[in-house]
Amino acid sequence: MKPLRIVRESLEQNNNENIASGELLDLMRRAKCFGINLARLDIRQESSRHSQLINEFFEKKYKKSYLSLDEKNKIKFLKTHIVSKKK
């Protein structure tokens with residue numbers, strides 16, 4: 001929520017109240033009610049954005065850096081955790 005509040009404050013300070021009180025405020029309300037877990041992720045984005053997201057998740061949950069792994073170990077790591085969730 002903090003980054004969203006900072007963006008909103010900046011928009012308000014720069015006379016962009018229509019944006020700050022429109023879709024951004026709606027997003028902030030949804031995030032507060034439902035959490036960021038339900039945020040949309042556009043899978044067409046450049047792959048480093050997805051890697052950053054996965055890295056943040058794994059650092060919090062598993063205390064490991066996804067970005068420091070080579071491609072083979074990234075696949076192995078993801079496969080292990082995806083398979084373990086299905087059981």
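Biologist: What is the mean pLDDT of the chain?

Modeller: This is a predicted model, and pLDDT states the predictor's confidence in each residue on a range from 0 to 100. In this chain, 85% of the residues reach 70 or more. The mean pLDDT of the chain is 82.

Biologist: In which helix is confidence highest, and in which is it lowest?

Modeller: Where pLDDT is low, predicted coordinates should not be read in detail. The lowest mean, 80, belongs to helix α5, residues 71–86. The highest, 88, belongs to residues 2–13, which form helix α1.

Biologist: How many helices and strands does the chain have?

Modeller: From the N terminus on, the elements run α-α-α-α-α. The chain therefore has, with helices and strands taken as DSSP runs, 5 helices and 0 strands.

Biologist: Are α1 and α3 roughly parallel or roughly antiparallel?

Modeller: Two packed helices are described by the angle and the distance between their axes. The axes of α1 and α3 come within 11 Å and cross at roughly 160°. Because angles over 145 degrees count as roughly antiparallel, α1 and α3 are roughly antiparallel.

Biologist: How many nonpolar, polar and charged residues does the contact of α1 with α3 have?

Modeller: α1 passes α3 in a left-handed crossing. On the α1 side the contact is made by Leu4, Arg5, Val7, Arg8 and Leu11, and on the α3 side by Leu24, Leu25, Leu27, Met28 and Ala31. By class, the contact has 8 nonpolar, no polar and 2 charged residues.

Biologist: Is Leu24 buried or exposed?

Modeller: Leu24 lies in helix α3, residues 23–34. Beyond its neighbours within four places in sequence, Leu24 is in contact with Leu4, Val7, Arg8, Leu11 and Ile19. Its relative accessibility is 12%. Because buried means under 20%, Leu24 counts as buried.

Biologist: How far apart in space are Leu24 and Leu11?

Modeller: Leu11 is among the residues in contact with Leu24. In sequence, Leu24 and Leu11 are 13 residues apart. From C-alpha to C-alpha, the separation in space is 9.9 Å.

Biologist: Which residues are in contact with Ser51, leaving aside its neighbours within four places in sequence?

Modeller: Ser51 is found in helix α4, residues 47–62. With a relative accessible area of 18%, Ser51 is buried. Its contacts, those neighbours left aside, are Tyr66 and Leu67.

Terms used: Residues are numbered from 1 along each chain as its sequence is written. This is a predicted model: local features need pLDDT of at least 70, side-chain atom pairs count only at pLDDT 80 or more; totals for chains, interfaces and linings use all residues. Side-chain values use heavy atoms; hydrogens and water are left out. Helices (H or I, at least four residues) and strands (E, at least two) are DSSP runs, numbered from the N terminus. Buried means under 20% relative accessible area, exposed over 50%, partly exposed in between (1.4 Å probe, protein chains only). Contact means heavy atoms within 4.5 Å. Axes are lines fitted to C-alpha atoms, for helices over the stretch in contact, and angles run from 0 to 180 degrees between N-to-C directions. Angles under 35 degrees count as roughly parallel, over 145 as roughly antiparallel, 65 to 115 as roughly perpendicular and the rest as oblique. A crossing is left-handed if the near helix is turned anticlockwise from the far one by less than a right angle, and right-handed if clockwise. Ala, Val, Leu, Ile, Met, Phe, Trp, Tyr, Cys and Pro count as nonpolar, Asp, Glu, Lys and Arg as charged, and the others, Gly among them, as polar.
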